[in-house]
Amino acid sequence: MAKYVAAVDQGTTSTRFMVFDHAGRVVSVHQLEHRQIYPQPGWVEHDPMEIWERTQQVIRAALEKNGIDPEEIAAIGVTNQRETTIVWDKKTGKPYYNAIVWQCTRTKDICEELAKEGGQDRFRPKTGLPIATYFSGPKIKWILDNVPGVREAAEKGDAIFGNIDTWVIWWLTGGPDGGAHVTDVSNASRTMLMNLETLDWDQEILDILGIPRQMLPEIRPSSDPKIYGYTPKDGPLGASIPVCGDLGDQQAALVGQTSFSPGEAKNTYGTGCFMLLNTGTTPVPSKSGLLTTVGYKFGDEPAVYCLEGSIAITGALVQWLRDNLKFFDFSKHIEDYARSVPDSGGIYFVPAFSGLFAPYWRLDARGVIVGLTRYITKAHICRAALEATAYQTREVLDAMEKDSGVKLTALKVDGGMVYNELLMQFQADILGVPVIRPVVAETTSLGAAYAAGLAVGFWTSLDDLRKNWAVDKVWEPKMDPETRERLYKGWLKAVERTFGWVE
């Protein structure tokens, strides 16, 4: 008898396997980090084989940890870092090149070339996206143009592309022995190659980028009763289990937060920060620098769309202070340093390490710390780093309210940084609305589990899922409006200082 649903959550810095019960509670979890590879400034890569290795390890460990019989798992969902691009040989499973990570800026020249005709918003009417290094399309083109033999292999049908979801599902369902080459609408909408209206690959854009259509995975619903494929008995699960849920990590968090009604929003604090607002079954074009993206599609139901504000560097800034500057040994210690001072001492830290994402889309921006005096200590820099996350979220929220005409009354939050109490209080203060953390804050994995569970009838309706959602903590704003606006004005001034750094 199936008691559980499981999810592979393949993120930018780590992979985990989580098992949930019918009430949406975590039954078992195991997580492992993988290497971040920086071949040159602005380039970010992962080793796809290492990611598949970690995926197998976390599956086995999570099952062993609590003695879970794989036969008790009804279905598996996958969620993933989005836009990270892999091209591999479908006969051997061997990647032609490392995975090019979403943060990587190597495709800057390709993007500038594409924007020469029709500007940065050339494809926005079809894809909902500006032309930017963030998305998969230019990364595929870079691999085709720069890695010997790949274009020929792609034209022959041997080289296939996938974002991380496609890679993990392909291996989970058999790899070279008949693995399913699929993606879902939420991940496909992040490639800059999918038409938001048709939910299919757009031939005109493929022709402009020179990408052979046969490389691309089949686009399927995020929760698919037709099942993508089954895990082989000799695979890491040791049993035949349907793989039938797939959502990009931010869309998975929206589902995990049960934000199923238009006007509901969530913000995920991870490596980057991603705010999504459910806009219903019609795509809403953005005039304020946001992305129009697919939220999810359950079976034969119409797709649900979102406005998204993507911030490249939030949790990654804490890691940078830890790993590059050796400010502390463990990320959680940033809060202790930040608490030791009453404020940031008048400094602002704008982490435009790979340009600025929403709402600016400035590839020419780079990181700055402004307002430095002799008074500033390590503690002030730690505090400014945390505050940067809250300020960037405020910018995205302002853009969302402008585009949607909907005033946000509260913000649901999730992800690793939501356990930082200082940050959450400052976030409520700078937004002027309550910030709400649910009991299960790992909503990304939960959302992927929900998608898979719905496909096989483990949960029968969205109301089933809504019943599982519960509040853990609420932060109410305490800052007076004058202070809020003064601090925010300083932030906007600091952001301007990052523009135009890269010629």
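User: Which residues touch the most other members of the largest nonpolar core?

Analyst: A nonpolar core is a set of buried Ala, Val, Leu, Ile, Met, Phe, Trp, Tyr and Cys residues joined through side-chain atoms within 4.5 Å, where buried means under 20% relative accessible area with a 1.4 Å probe and protein chains only. In this structure, Tyr-134, Leu-193, Ile-211 and Tyr-269 touch the most other members of the largest such core, which has 139 residues. Helix H12 gives the largest share of this core, twelve residues. Another core, of 33 residues, lies apart from it and includes Val-19, Ile-51, Trp-167 and Leu-237.

The model is predicted: local features need pLDDT of at least 70, side-chain atom pairs count only at pLDDT 80 or more, and totals for chains, interfaces and linings use all residues. Residues are numbered from 1 along each chain as its sequence is written, and side-chain values use heavy atoms, without hydrogens and water.

User: With which residues is Ile-211 in contact, leaving aside its neighbours within four places in sequence?

Analyst: Contact means heavy atoms within 4.5 Å. On that basis Ile-211 is in contact with Gly-137, Ile-140, Lys-141, Leu-144, Leu-193, Leu-206 and Leu-216.

User: How many cavities of 30 Å³ or more are there?

Analyst: Rolling a probe the size of a water molecule over the atoms shows where empty space is left. A cavity is a set of points, on a 1 Å grid over the protein atoms alone, where a 1.4 Å probe fits but cannot get out; lining residues have an atom within 4 Å of a point. The count here is three cavities of 30 Å³ or more. Of its 15 lining residues, Ile-311, Ala-312, Leu-356, Phe-357 and Gln-392 are the closest to its centre. Strand E18 (304-311) and helix H12 (378-404) each supply at least two residues of that lining.

User: What lines the second largest cavity?

Analyst: This cavity holds about 40 Å³ of space. Its lining consists of Leu-277, Leu-397, Met-400, Glu-401, Ser-404, Val-406, Lys-407 and Leu-408, and H12 contributes the largest share, four residues.

Definitions and conventions
1 Å grid on protein atoms, 1.4 Å probe; cavity = no way out; pocket = protein on both sides within 12 Å on 5 of 7 lines; lining within 4 Å. Points joined across faces, edges and corners; volume = space filled by probe spheres on them. Buried < 20%, exposed > 50% of the residue type's maximum accessible area, 1.4 Å probe, protein only.
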